[in-house]
Amino acid sequence: MRRPTAPLTVLALALALTGCGAKVADDRNDTSGRPSSRNSGHYPVTVENCGTRTTYDKAPRRVVTNDVGITEIMFALGLEDRMAGYAMPDDKGDLDGLPWKAAYGKVPRLSEKALTKEMVLDARADLVFAGWNYGFGEDTGLTPAALGRLGIGSYVLTESCHHGADGTARGVMPPLEALYTDLTTLGKIFGVEDRAAALVKKYRRQVADAAAQAPARRPSVFLYDDGRDKPLTAGAYAGPHDIITKAGGDHVMKDLKDSWTTVGWETVVARKPDVIVINNYGDTSAAQKKAFLESYAPLAGVPAVKHHRIYVMDYAELVESPRNPAAIGDLARYLRGVRTDR
């Protein structure tokens, strides 16, 4: 789901923004280069997403989303009435404690597998909100450029923005800033700026409260997503980086300027994490992942394995989503009880 993909071209970016009353903004409309709108909350409104400026003449009315975090960003903003459906594997976990349980019951689930162009067309979507390898992918042909040729607009999850010389790495800002950016930008697109601002304020407060209780000696933490030969993990631009850091941990892969990517096990062993966080999702259960980590000989001397400090978090908490702030608080409570070997 999260392997890096090929770069997005300038032409593709331009073509991706023709739907839902949207067009690529003429820079002459705003000589400052900043996103602009005439009369906040009214149209036309111009925003920037992954480096591309787009003007919306009206709010999209039939949005299709891919994956749990993206879908819940729309729900958190109260925009379920603007949605035509979502595609999502069964990774959302227990809904009983979520404030968006009613929204899940209201919006059609289009698929429990990958989002496809056919689903988007059948749903009569005017905007697709997804990310690179969170729905968009050159290998599947579902790209902003391809949708733009069909007159369908796209919004790219900021966590997944391409960057770098070859355009295969993802992420352009700290993960929580990516969440706040998407909430704020979507608030402008849909005319719910006040709601977006209130959410950002609430989430910043939650994160600050958790960070204020960080342990004096930060345990080092490695995020294990999956993989036996090489582990899939999180770099500096994926949600776990800020979740670990704000919770009081030292993210051992903070030097990776990417979002979700693979590393070698020798790197994990060399960095000796005090704690391993398992990303719980997919066909391999958290219990199976934990059993592998505890039985894999090269990891036997790693403090997290040696002292059985393996902590499980749900996928929906670790990708960019409204669940991130609460997840930071939960992890912070766990890390405060960790006694490191350093």
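A disulfide is a pair of cysteine sulfur atoms within 2.5 Å. The structure is a predicted model, in which local features need pLDDT of at least 70, side-chain atom pairs count only at pLDDT 80 or more, and totals for chains, interfaces and linings use all residues. Residues are numbered from 1 along each chain as its sequence is written, and side-chain values use heavy atoms, with hydrogens and water left out.

**Exercise 1.** Determine which cysteines form a disulfide, and describe the handedness and surroundings of the bond.

*Solution.*
1. One disulfide is found when the whole structure is searched.
2. Its partners are Cys 50 and Cys 161, whose sulfur atoms lie 1.9 Å apart.
3. The pair links distant parts of the chain, 111 residues apart: Cys 50 belongs to the loop between β2 (45–49) and β3 (52–56), and Cys 161 to the loop between β9 (153–156) and β10 (162–163). Strands (E, at least two residues) and helices (H or I, at least four) are DSSP runs, numbered from the N terminus.
4. The torsion about the S-S bond of Cys 50 and Cys 161 is about -80 degrees, and the disulfide is therefore left-handed.
5. Accessibility is classed as buried under 20% relative accessible area, exposed over 50%, and partly exposed in between (1.4 Å probe, protein chains only). Cys 50, with a relative accessible area of 27%, is partly exposed, whereas Cys 161 is buried at 1%.

**Exercise 2.** Locate the salt bridge between Glu 72 and Arg 323, and state whether each residue is buried or exposed.

*Solution.*
1. A salt bridge requires a side-chain nitrogen of Lys or Arg within 4 Å of a carboxyl oxygen of Asp or Glu. The structure holds eight of these.
2. For Glu 72 and Arg 323, the N to O distance is 2.6 Å.
3. Glu 72 sits in helix α2 (residues 68–76) and Arg 323 in the loop between α12 (315–318) and α13 (324–335), so the pair ties together parts 251 residues apart in sequence.
4. Glu 72 is buried, at 0% relative accessibility; Arg 323 is also buried, at 11%.

**Exercise 3.** Describe the salt bridges Lys 106–Asp 81 and Asp 274–Arg 309.

*Solution.*
1. In the Lys 106–Asp 81 salt bridge, the closest N and O atoms are 2.4 Å apart.
2. This pair spans 25 residues, from Asp 81 in the loop between α2 and β5 (83–87) to Lys 106 in helix α3 (residues 101–106). Both Lys 106 and Asp 81 are exposed.
3. Asp 274 and Arg 309 meet at 4.0 Å, N to O.
4. Asp 274 lies in the loop between α9 (265–271) and β16 (275–280), and Arg 309 in the loop between α11 (303–306) and β17 (310–314), 35 residues apart. Asp 274 and Arg 309 are both buried.
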